[in-house]
Amino acid sequence: MFTQGSQMWMGGTHATNLVEVTDDASRLDDGSFWAISITFEGKATFARFADVAHSDFPSASWKPLDAQWISSQSQIQYISYVSAIRHIIAAGGVYQVNACRQLSHDFQGNPSLTGLFSELLKRNPAEFACYLKVEDLEIASASPERFLSRNGSGILTSPIKGTITQKEDVFGDKDKAENLMIVDLMRNDLGRICETGSVEVSELFRHEKHPGITHLVSDVSGKLRQGISWSEIFTSVMAPGSVSGAPKSSALSIIGENEGVRGPYCGTLGWIHGDRAELSVAIRTFWTTGDSVLRYGTGAGITWGSDPAAEWEETQLKARHLISIAGGEL
(Lines give C-alpha, C1' and ligand atoms only; values in the text may rest on other atoms or scores of the structure.)
Protein backbone atom coordinates (compact mmCIF):
# COMPACT_ATOMS: atom_id res chain seq x y z
CA MET A 1 0.00 0.00 0.00
CA PHE A 2 1.57 3.28 -1.10
CA THR A 3 1.28 6.52 0.85
CA GLN A 4 -1.93 8.38 0.15
CA GLY A 5 -1.26 11.62 -1.66
CA SER A 6 1.67 10.38 -3.72
CA GLN A 7 1.84 12.48 -6.87
CA MET A 8 4.12 14.36 -9.20
CA TRP A 9 3.56 17.63 -11.08
CA MET A 10 5.85 19.43 -13.50
CA GLY A 11 5.03 21.90 -16.25
CA GLY A 12 1.35 20.96 -16.32
CA THR A 13 2.03 17.20 -16.33
CA HIS A 14 0.25 15.68 -13.34
CA ALA A 15 0.90 12.05 -12.41
CA THR A 16 -1.16 10.16 -9.84
CA ASN A 17 -1.95 6.57 -8.81
CA LEU A 18 1.49 5.35 -7.74
CA VAL A 19 2.07 1.70 -8.62
CA GLU A 20 5.80 1.11 -8.15
CA VAL A 21 8.86 2.60 -6.44
CA THR A 22 12.36 1.36 -7.21
CA ASP A 23 16.00 2.43 -7.40
CA ASP A 24 16.65 0.15 -10.39
CA ALA A 25 17.40 2.37 -13.42
CA SER A 26 16.84 -0.53 -15.83
CA ARG A 27 13.09 -0.23 -15.10
CA LEU A 28 13.06 3.22 -16.76
CA ASP A 29 13.39 1.66 -20.22
CA ASP A 30 9.97 -0.02 -20.08
CA GLY A 31 8.11 2.90 -21.71
CA SER A 32 6.03 3.79 -18.64
CA PHE A 33 5.79 7.22 -17.01
CA TRP A 34 8.31 7.57 -14.22
CA ALA A 35 8.86 10.42 -11.78
CA ILE A 36 12.55 10.81 -11.04
CA SER A 37 14.51 12.02 -8.03
CA ILE A 38 18.23 11.27 -7.79
CA THR A 39 20.17 12.85 -4.96
CA PHE A 40 23.45 14.64 -5.49
CA GLU A 41 25.15 11.54 -4.08
CA GLY A 42 23.30 9.24 -6.50
CA LYS A 43 20.53 7.74 -4.34
CA ALA A 44 17.65 7.14 -6.75
CA THR A 45 13.90 7.19 -6.26
CA PHE A 46 12.03 6.13 -9.41
CA ALA A 47 8.24 6.21 -9.06
CA ARG A 48 5.95 4.71 -11.71
CA PHE A 49 2.51 6.30 -11.93
CA ALA A 50 -0.45 4.78 -13.77
CA ASP A 51 -2.39 7.98 -14.47
CA VAL A 52 -0.92 10.98 -16.27
CA ALA A 53 -2.91 14.06 -17.29
CA HIS A 54 -2.30 17.68 -18.21
CA SER A 55 -3.72 19.96 -15.54
CA ASP A 56 -3.01 22.85 -13.19
CA PHE A 57 -1.49 21.98 -9.85
CA PRO A 58 -4.24 21.49 -7.23
CA SER A 59 -4.00 24.62 -5.10
CA ALA A 60 -3.53 24.37 -1.34
CA SER A 61 -2.95 26.84 1.49
CA TRP A 62 0.37 27.48 3.25
CA LYS A 63 0.93 28.78 6.78
CA PRO A 64 4.12 30.89 6.62
CA LEU A 65 6.97 29.84 8.89
CA ASP A 66 7.96 32.36 11.55
CA ALA A 67 11.27 31.32 13.15
CA GLN A 68 14.93 31.65 12.17
CA TRP A 69 16.31 29.30 9.53
CA ILE A 70 19.42 27.49 10.73
CA SER A 71 22.38 27.39 8.33
CA SER A 72 24.64 24.35 8.13
CA GLN A 73 27.55 26.81 7.88
CA SER A 74 27.87 30.21 9.50
CA GLN A 75 29.09 33.18 7.48
CA ILE A 76 32.58 32.73 8.92
CA GLN A 77 32.59 28.99 8.19
CA TYR A 78 31.38 29.47 4.62
CA ILE A 79 33.95 32.19 3.91
CA SER A 80 36.65 29.84 5.27
CA TYR A 81 35.36 27.06 2.97
CA VAL A 82 35.53 29.37 -0.06
CA SER A 83 39.04 30.50 0.91
CA ALA A 84 40.16 26.86 1.20
CA ILE A 85 38.81 26.14 -2.30
CA ARG A 86 40.77 29.10 -3.67
CA HIS A 87 43.96 27.66 -2.13
CA ILE A 88 43.27 24.29 -3.78
CA ILE A 89 42.70 26.06 -7.11
CA ALA A 90 46.01 27.92 -6.68
CA ALA A 91 47.74 24.58 -6.11
CA GLY A 92 46.25 23.17 -9.32
CA GLY A 93 43.95 20.64 -7.66
CA VAL A 94 40.71 21.92 -9.20
CA TYR A 95 39.44 24.75 -11.42
CA GLN A 96 35.98 25.37 -10.01
CA VAL A 97 33.85 24.08 -7.14
CA ASN A 98 30.19 24.75 -6.36
CA ALA A 99 30.16 25.44 -2.61
CA CYS A 100 26.78 24.99 -0.92
CA ARG A 101 25.15 25.18 2.47
CA GLN A 102 21.76 24.07 3.74
CA LEU A 103 19.10 25.96 5.64
CA SER A 104 16.73 24.09 7.93
CA HIS A 105 13.53 24.95 9.80
CA ASP A 106 11.09 23.00 11.93
CA PHE A 107 8.33 21.75 9.64
CA GLN A 108 5.23 22.26 11.72
CA GLY A 109 1.79 23.69 11.16
CA ASN A 110 1.46 22.47 7.56
CA PRO A 111 0.32 18.98 6.57
CA SER A 112 2.46 18.91 3.41
CA LEU A 113 4.45 21.03 0.95
CA THR A 114 1.54 21.34 -1.49
CA GLY A 115 0.68 24.76 -0.08
CA LEU A 116 4.27 25.96 -0.33
CA PHE A 117 4.48 24.72 -3.91
CA SER A 118 1.25 26.55 -4.74
CA GLU A 119 2.84 29.75 -3.42
CA LEU A 120 6.02 29.12 -5.41
CA LEU A 121 4.03 28.77 -8.62
CA LYS A 122 2.27 32.08 -7.96
CA ARG A 123 5.17 34.15 -6.63
CA ASN A 124 8.22 32.55 -8.24
CA PRO A 125 7.18 30.90 -11.51
CA ALA A 126 10.01 28.75 -12.86
CA GLU A 127 10.25 26.75 -16.06
CA PHE A 128 11.22 23.55 -14.25
CA ALA A 129 9.10 23.90 -11.12
CA CYS A 130 8.27 20.44 -9.81
CA TYR A 131 6.40 18.83 -6.93
CA LEU A 132 6.99 15.21 -5.91
CA LYS A 133 5.52 13.20 -3.04
CA VAL A 134 6.59 9.57 -2.77
CA GLU A 135 6.49 7.77 0.58
CA ASP A 136 8.46 9.92 3.10
CA LEU A 137 10.10 12.04 0.40
CA GLU A 138 8.39 15.35 -0.44
CA ILE A 139 9.95 17.99 -2.68
CA ALA A 140 8.75 21.44 -3.76
CA SER A 141 11.15 22.87 -6.33
CA ALA A 142 11.24 26.17 -8.21
CA SER A 143 14.25 25.23 -10.30
CA PRO A 144 15.04 27.47 -13.27
CA GLU A 145 17.69 25.07 -14.61
CA ARG A 146 17.37 22.35 -17.21
CA PHE A 147 19.55 19.32 -16.56
CA LEU A 148 18.42 17.09 -19.43
CA SER A 149 15.63 17.40 -21.96
CA ARG A 150 15.25 14.41 -24.25
CA ASN A 151 13.10 13.98 -27.35
CA GLY A 152 13.92 10.74 -29.16
CA SER A 153 17.66 10.69 -29.72
CA GLY A 154 18.04 14.45 -29.20
CA ILE A 155 19.33 15.58 -25.81
CA LEU A 156 19.88 19.07 -24.41
CA THR A 157 21.43 20.46 -21.24
CA SER A 158 21.38 24.13 -20.20
CA PRO A 159 23.81 24.83 -17.35
CA ILE A 160 23.40 28.02 -15.34
CA LYS A 161 26.59 29.71 -14.16
CA GLY A 162 26.58 33.41 -13.30
CA THR A 163 24.09 35.38 -11.20
CA ILE A 164 23.53 39.13 -10.92
CA THR A 165 20.72 41.27 -9.57
CA GLN A 166 18.27 42.72 -12.08
CA LYS A 167 19.66 46.18 -11.24
CA GLU A 168 22.93 45.08 -12.87
CA ASP A 169 23.36 44.85 -16.63
CA VAL A 170 26.65 43.08 -17.28
CA PHE A 171 28.15 39.76 -16.23
CA GLY A 172 31.79 39.98 -15.22
CA ASP A 173 34.74 37.98 -16.50
CA LYS A 174 34.49 35.63 -13.50
CA ASP A 175 30.91 34.68 -14.41
CA LYS A 176 31.77 34.07 -18.06
CA ALA A 177 34.88 32.05 -17.23
CA GLU A 178 32.90 29.91 -14.80
CA ASN A 179 30.11 29.36 -17.32
CA LEU A 180 32.61 28.34 -19.99
CA MET A 181 34.26 25.82 -17.65
CA ILE A 182 30.93 24.11 -17.01
CA VAL A 183 30.00 24.20 -20.71
CA ASP A 184 33.22 22.31 -21.45
CA LEU A 185 32.43 19.85 -18.64
CA MET A 186 28.92 19.21 -19.99
CA ARG A 187 30.27 18.77 -23.52
CA ASN A 188 32.53 16.08 -22.09
CA ASP A 189 29.68 14.42 -20.16
CA LEU A 190 27.37 14.38 -23.20
CA GLY A 191 30.26 13.09 -25.31
CA ARG A 192 30.18 9.86 -23.28
CA ILE A 193 26.58 9.12 -24.29
CA CYS A 194 26.23 10.79 -27.69
CA GLU A 195 27.32 9.93 -31.21
CA THR A 196 30.81 11.12 -32.08
CA GLY A 197 30.77 14.64 -33.49
CA SER A 198 27.15 15.36 -32.57
CA VAL A 199 27.78 17.39 -29.39
CA GLU A 200 27.72 21.15 -29.90
CA VAL A 201 27.25 24.38 -27.98
CA SER A 202 24.02 25.58 -29.52
CA GLU A 203 23.93 28.83 -27.51
CA LEU A 204 26.57 30.49 -25.32
CA PHE A 205 26.04 33.11 -22.59
CA ARG A 206 22.27 33.64 -22.82
CA HIS A 207 20.77 36.06 -20.27
CA GLU A 208 17.71 34.68 -18.45
CA LYS A 209 15.65 36.88 -16.13
CA HIS A 210 14.06 35.35 -13.04
CA PRO A 211 12.35 36.96 -10.02
CA GLY A 212 14.94 39.34 -8.57
CA ILE A 213 17.95 37.95 -10.43
CA THR A 214 19.40 37.32 -13.89
CA HIS A 215 21.28 34.14 -14.79
CA LEU A 216 23.94 33.42 -17.42
CA VAL A 217 22.91 30.26 -19.30
CA SER A 218 24.35 28.19 -22.14
CA ASP A 219 22.94 25.27 -24.17
CA VAL A 220 24.80 22.07 -25.06
CA SER A 221 23.09 19.51 -27.30
CA GLY A 222 23.84 16.16 -28.89
CA LYS A 223 22.44 13.00 -30.47
CA LEU A 224 22.30 9.97 -28.19
CA ARG A 225 23.97 6.75 -29.27
CA GLN A 226 21.52 4.18 -30.57
CA GLY A 227 20.27 1.77 -27.93
CA ILE A 228 21.67 3.65 -24.96
CA SER A 229 19.90 2.99 -21.65
CA TRP A 230 18.86 5.42 -18.94
CA SER A 231 21.20 3.63 -16.56
CA GLU A 232 24.14 4.43 -18.88
CA ILE A 233 23.00 8.04 -19.21
CA PHE A 234 22.79 8.65 -15.46
CA THR A 235 26.09 6.88 -14.79
CA SER A 236 27.78 9.20 -17.28
CA VAL A 237 26.27 12.56 -16.34
CA MET A 238 25.46 12.54 -12.60
CA ALA A 239 26.04 14.63 -10.56
CA PRO A 240 25.10 17.70 -12.63
CA GLY A 241 28.23 19.59 -13.62
CA SER A 242 26.87 23.05 -12.86
CA VAL A 243 26.46 22.18 -9.16
CA SER A 244 29.63 20.13 -8.73
CA GLY A 245 32.64 21.66 -10.47
CA ALA A 246 35.56 20.98 -12.76
CA PRO A 247 37.22 18.57 -12.93
CA LYS A 248 34.11 16.88 -11.58
CA SER A 249 35.85 14.08 -9.67
CA SER A 250 38.09 16.52 -7.78
CA ALA A 251 35.19 18.86 -7.05
CA LEU A 252 33.02 16.01 -5.72
CA SER A 253 35.80 14.99 -3.35
CA ILE A 254 36.09 18.53 -1.95
CA ILE A 255 32.32 18.84 -1.60
CA GLY A 256 32.03 15.50 0.22
CA GLU A 257 34.77 16.44 2.68
CA ASN A 258 33.27 19.85 3.51
CA GLU A 259 29.50 19.62 3.15
CA GLY A 260 28.41 16.14 4.06
CA VAL A 261 25.27 14.90 2.31
CA ARG A 262 23.32 17.31 0.09
CA GLY A 263 20.49 14.85 -0.55
CA PRO A 264 17.86 15.84 -3.15
CA TYR A 265 19.37 19.33 -3.39
CA CYS A 266 21.63 19.63 -6.46
CA GLY A 267 20.49 16.23 -7.70
CA THR A 268 18.00 15.83 -10.53
CA LEU A 269 14.19 15.94 -10.49
CA GLY A 270 11.56 15.44 -13.17
CA TRP A 271 10.07 12.74 -15.35
CA ILE A 272 10.89 10.11 -17.99
CA HIS A 273 8.39 8.61 -20.41
CA GLY A 274 10.04 6.25 -22.89
CA ASP A 275 12.45 8.29 -25.01
CA ARG A 276 11.15 11.63 -23.74
CA ALA A 277 12.22 13.36 -20.55
CA GLU A 278 12.32 16.66 -18.68
CA LEU A 279 14.82 16.68 -15.83
CA SER A 280 15.88 19.70 -13.79
CA VAL A 281 18.88 20.44 -11.66
CA ALA A 282 17.23 20.45 -8.22
CA ILE A 283 18.21 23.95 -7.11
CA ARG A 284 15.79 26.50 -5.54
CA THR A 285 14.37 23.45 -3.80
CA PHE A 286 12.63 22.72 -0.49
CA TRP A 287 12.36 19.15 0.76
CA THR A 288 11.50 17.00 3.74
CA THR A 289 12.09 13.31 4.41
CA GLY A 290 9.54 12.64 7.12
CA ASP A 291 11.66 13.93 10.03
CA SER A 292 9.68 17.16 10.66
CA VAL A 293 12.52 19.26 9.25
CA LEU A 294 12.14 21.42 6.14
CA ARG A 295 15.38 22.01 4.22
CA TYR A 296 16.51 24.41 1.53
CA GLY A 297 19.89 24.61 -0.20
CA THR A 298 21.84 27.53 -1.59
CA GLY A 299 25.31 27.84 -3.09
CA ALA A 300 27.75 29.63 -5.37
CA GLY A 301 30.37 28.65 -7.91
CA ILE A 302 33.91 29.27 -6.68
CA THR A 303 36.85 30.09 -8.94
CA TRP A 304 40.25 31.69 -8.31
CA GLY A 305 38.61 35.06 -9.03
CA SER A 306 36.04 34.62 -6.25
CA ASP A 307 35.79 37.01 -3.34
CA PRO A 308 34.79 34.86 -0.32
CA ALA A 309 32.57 37.51 1.29
CA ALA A 310 30.85 38.22 -2.03
CA GLU A 311 30.18 34.49 -2.54
CA TRP A 312 28.43 34.39 0.85
CA GLU A 313 26.27 37.29 -0.29
CA GLU A 314 25.45 35.41 -3.51
CA THR A 315 24.13 32.47 -1.47
CA GLN A 316 22.01 34.94 0.49
CA LEU A 317 20.74 36.53 -2.74
CA LYS A 318 19.74 33.18 -4.17
CA ALA A 319 17.90 32.18 -1.00
CA ARG A 320 16.26 35.45 -0.01
CA HIS A 321 13.24 35.50 -2.33
CA LEU A 322 12.16 31.88 -1.86
CA ILE A 323 12.71 31.97 1.89
CA SER A 324 10.45 35.05 1.98
CA ILE A 325 7.74 32.91 0.36
CA ALA A 326 8.14 30.03 2.83
CA GLY A 327 8.40 32.39 5.78
CA GLY A 328 10.89 32.67 8.60
CA GLU A 329 14.06 34.71 9.00
CA LEU A 330 17.11 34.12 6.81
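**Figure 1. The whole chain and its surface.** Accessible areas here come from the Shrake-Rupley method with a 1.4 Å probe. By that method, the chain of this predicted model has an accessible surface of about 13700 Å². Carbon and sulfur atoms account for 48% of that surface. Turning from the surface to the interior, 56% of the 330 residues count as buried.

**Figure 2. The fold at a glance.** How does the radius of gyration fit a compact globule of 330 residues? Such a globule would have a value near 20 Å, and the chain has 19 Å, which agrees. Sequence separation tells its own story: among contacts between residues at least 6 apart in sequence, 72% join residues at least 24 apart.

**Figure 3. Charged side chains.** Pick out the charges and you will find 28 positive and 39 negative side chains in the chain. The centres of these two sets lie 2 Å apart.

**Figure 4. The hairpin of β1 and β2.** Here strand β1, residues 7-10, runs antiparallel to strand β2, residues 13-22, with three bridges joining them. Look for Trp9, which stands opposite His14 in β2. Two residues lie between the strands of this hairpin, and Gly11 takes a positive phi near 60 degrees.

**Figure 5. From β2 across to β4.** Strand β2 also has an antiparallel partner in strand β4, residues 44-54, and eight bridges join the pair. Which residue of β4 is the bridge partner of Thr22? That partner is Phe46.

**Figure 6. A closer look at Val21.** Val21 belongs to strand β2.

Figure 7. Lys248 sits in helix α5, which covers residues 248-259. With a relative accessible area of 13%, Lys248 is buried, because the cut-off for buried is under 20%. What is Lys248 in contact with, leaving aside its neighbours within four places in sequence? The contacts are Leu185, Asp189, Val237, Met238, Ala239 and Gly241.

Note on methods. Residues are numbered from 1 along each chain as its sequence is written. This is a predicted model: local features need pLDDT of at least 70, side-chain atom pairs count only at pLDDT 80 or more; totals for chains, interfaces and linings use all residues. Side-chain values use heavy atoms; hydrogens and water are left out. The radius of gyration is taken over C-alpha atoms; the globule rule is 2.2 Å times the number of residues to the power 0.38. Buried means under 20% relative accessible area, exposed over 50%, partly exposed in between (1.4 Å probe, protein chains only). Contact means heavy atoms within 4.5 Å. Lys and Arg count as positive and Asp and Glu as negative; His and the chain ends are not counted. The place of a charge is taken as NZ of Lys, CZ of Arg, CG of Asp or CD of Glu. Two strands pair if DSSP finds at least two bridges between them. Helices (H or I, at least four residues) and strands (E, at least two) are DSSP runs, numbered from the N terminus.
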